[in-house]
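Please look through the structure shown here, keeping the sequence beside it as you read.

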Amino acid sequence: MLTATLNHSISDFSLEVDICLESSGVCAIFGPSGCGKTTLLKALAGLLPTQGQIHFNGQCWQDQNTHLPACQRAAGFVFQDNRLFPHLNVAGNLHFARQRAAQGSIDYQDVIDTLGVQPLLSRTITGLSGGEAKRVAIARALISQPQLLLMDEPLNGLDQSSKREILGYLRRLNRHFSLPTLYVSHDIEEVARLCDHMLVMNAGRVIDQGRTAPIIEKLNQNSDQAVSPVGSVIHAKVSGHLTDYSLTELDLAGHKLFAPIQSELSIGQNMQLFLPARDVALATQNPQGLSIRNNLPGIIDSLHAEANDRVRVAIKVADQMLFAQITRQASEALALHRGLPVFALIKSVALD
Amino acid sequence: MTEINAVWLTLQLAGTTTLLLLLVGTPLAWWLAHSTNPIRPVIEAITAMPLVMPPTVIGFYLLLLFSPNSALGEFWFTVSGSTLAFSFSGLVIASMLYSLPFMVQPLVNAFASIDVRLREAAATLGATPTDIFRNLILPLSKRGFLSACVLTFAHTVGEFGIVLMVGGNIPGETRVISIAIYEQVETLNYAEAHILSAGLIALSFIALCAVYLSNRRSALRLN
């Protein structure tokens, strides 16, 4: 359990937060650039002198009389700019962390295998690609045996394919090490795919916090907000792996879904997916002969007019909410209205 | 070669000066590279003063400071039983002052060029400040240390004015190469002066080559 009451101001910016987080799962710190996400993370790690109190798992990290230095806090930090040591190669960087690691349950070789770092060990830091450097940085943080992992926009500055690759590693990491993690991001899709809980920040304050799915649903409702996601978080159970097709079969309230393979999930486990609204199409009748493999029957819950003659349709499927973004023309041609039964069509690749 | 004593004494002086300056200069350079104290520019200026002052001026004031009439001179005399002026110890102190900027400047540059963000990263991995200095700062400023030591050594070998003022010309105690050359020329003994002078030129050239070669090699490795 992490509790923090912090107060920090620099010139015209002030950070004022009072947070209390369960010590399990991945919690996003989400908000627009400059809202104080990184400042909060650095304060928690002890890299920034702030006023206030921080307690972690019954240990005092900071109060009126105490300010534990960064090296004594059991927090691992994955920096946005990696900060690998240039005078050491990859193995040297990992060794630096291992030499100073506390006692813990994280196995060195396991980290290296999970992050695919083995073939990089003898490489120099300057020779690594963006995605490789990020994997090494994450491995280095894990090897230091943290009890809390702080990640500052780990996907920022990576190209699309590296982003997808690292996102895959991060998911595997969460499932494998189940280390409590604070994940700073300004990208709602990342948050939706990765995080169980989220804190929404704006201008140095926490404006909302809770489970990811309902918060994203709430953020969807008021589209005029600076942080406006267009999509939904859904949960489905893994019901099988079609290794021949590289697909994982999921079950959502009796309906089948096919997603790109998630081999590290075992049957029966829950998977959190993000469905971007732009990737969901609607049909009023059950369509046949489509390449689209995912077809979920539901009921229209609400319609929202958006900019550029778009309409955002909320569809209730079992007890979960889906969003589809379609043109106003399509909405009128299909005569969509509240309460109408529809079929939501989703391409499997959108479920990555 | 009759001046072997002068050569040996010069090497001893330069070695001792470099070693002691390394001990004094490292914390000073660290402070200069990172302090936000308002008096830092003043300390910086004092450190750089020997670069612009005539050695005779430094020598003159040191001579006054070393005399048994001054507090330092008196203290030294009661502790050691001898005077600082015209002694090897006096030469070491004078050389340390005179070569101070040659030790401090390269170190300040080296320390300042190390990103504070790397130190933060090391701290989050559990490294204490002394651990960070030993295992991150030192290896990253290796080149700075090499430059500082070579320049300090070479500069001390080459000093003349200040040695003449503070040390005089006592064989085995203060008669260093530059003084020996001066005396050989004065007595028209050009052959001996040539050997010593050419030797000094070669030594300086080799030392500077070593510095620039090591800089070049590191630059190449980074590319």
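## A helix with a buried face

Helix 2 of chain A has the buried residues V90(A), N93(A), L94(A), F96(A) and A97(A). A residue is called buried if 20 or more other C-beta atoms lie within 10 Å of its own, exposed if 12 or fewer do, and partly exposed in between, with the C-beta atoms placed from the backbone. Seen down the axis of helix 2 of chain A, these buried residues fall within an arc of 150°, so they line one face of the helix; the arc is that of the directions from the helix axis to the C-beta atoms. What covers the buried residues of helix 2 of chain A includes helix 4 of chain A.

The model is a predicted one, in which local features need pLDDT of at least 70 and side-chain atom pairs count only at pLDDT 80 or more, while totals for chains, interfaces and linings use all residues. Residues are numbered from 1 along each chain as its sequence is written, and chains are lettered from A and ligands numbered from 1 in the order in which they are written. Helices (H or I, at least four residues) and strands (E, at least two) are DSSP runs, numbered from the N terminus.

## Two sheets in chain A

In chain A, four strands form an open sheet in the order 13-12-11-14, with antiparallel pairing; two strands pair if DSSP finds at least two bridges between them. Strand 13 (255–260) and strand 14 (270–276) of chain A stand at the edges, each with a single partner strand, so one side of each is left without a neighbour in the sheet. Neighbouring strands of this sheet are turned by 50° against each other on average, direction ignored, where the axes are lines fitted to C-alpha atoms (for helices over the stretch in contact) and angles run from 0 to 180 degrees between N-to-C directions. Strand 11 (residues 231–242) of chain A runs antiparallel to strand 14 of chain A and is joined to it by seven bridges, and S232(A) has L275(A) in strand 14 of chain A as its bridge partner.

Another open sheet of chain A has five strands in the order 15-19-16-17-18, again with antiparallel pairing. Its edge strands are strand 15 (280–283) and strand 18 (320–327) of chain A, each of which pairs on one side only, and the twist averages 45° from one strand to the next. Between strand 15 of chain A and strand 19 (residues 341–346) of chain A, which run antiparallel, there are four bridges; L282(A) has A344(A) in strand 19 of chain A as its bridge partner.

## A hairpin

Strand 4 (residues 51–56) and strand 5 (residues 59–62) of chain A run antiparallel and are joined by three bridges, with H55(A) standing opposite C60(A) in strand 5 of chain A. The two strands form a hairpin with two residues between them, and N57(A) in the turn has a positive phi of about 45°.

## Nonpolar cores

In soluble globular proteins, nonpolar side chains tend to be buried together. A nonpolar core is here a set of buried Ala, Val, Leu, Ile, Met, Phe, Trp, Tyr and Cys residues joined through C-beta atoms within 7 Å. The largest such core has 100 residues, and those with the most contacts inside it are A139(A), L150(A), Y183(A), L322(A), A324(A) and A344(A). Helix 4 (residues 130–143) of chain A gives the largest share of this core, eight residues. Apart from it lies another core, of 42 residues, among them L9(B), A14(B), F102(B) and V163(B).

Which residues does L322(A) touch, not counting residues up to four places away in sequence? Among them are S232(A), L275(A) and A344(A), where contact requires C-beta atoms, placed from the backbone, within 7 Å of each other.

Chain B has 11 helices and zero strands, and its C-alpha trace spans about 65 × 45 × 30 Å along its principal axes. Of the 223 residues in chain B, 35% are buried. T128(B), in the loop between helix 6 (116–124) and helix 7 (129–140) of chain B, is partly exposed, with 15 other C-beta atoms within 10 Å.

The contact between the chains takes 21 residues from chain A and 14 residues from chain B. On the side of chain A, strand 6 (75–78) and helix 2 (90–99) are the elements that give two or more residues.

How values were computed
Two residues are in contact if their C-beta atoms, placed from the backbone, lie within 7 Å.
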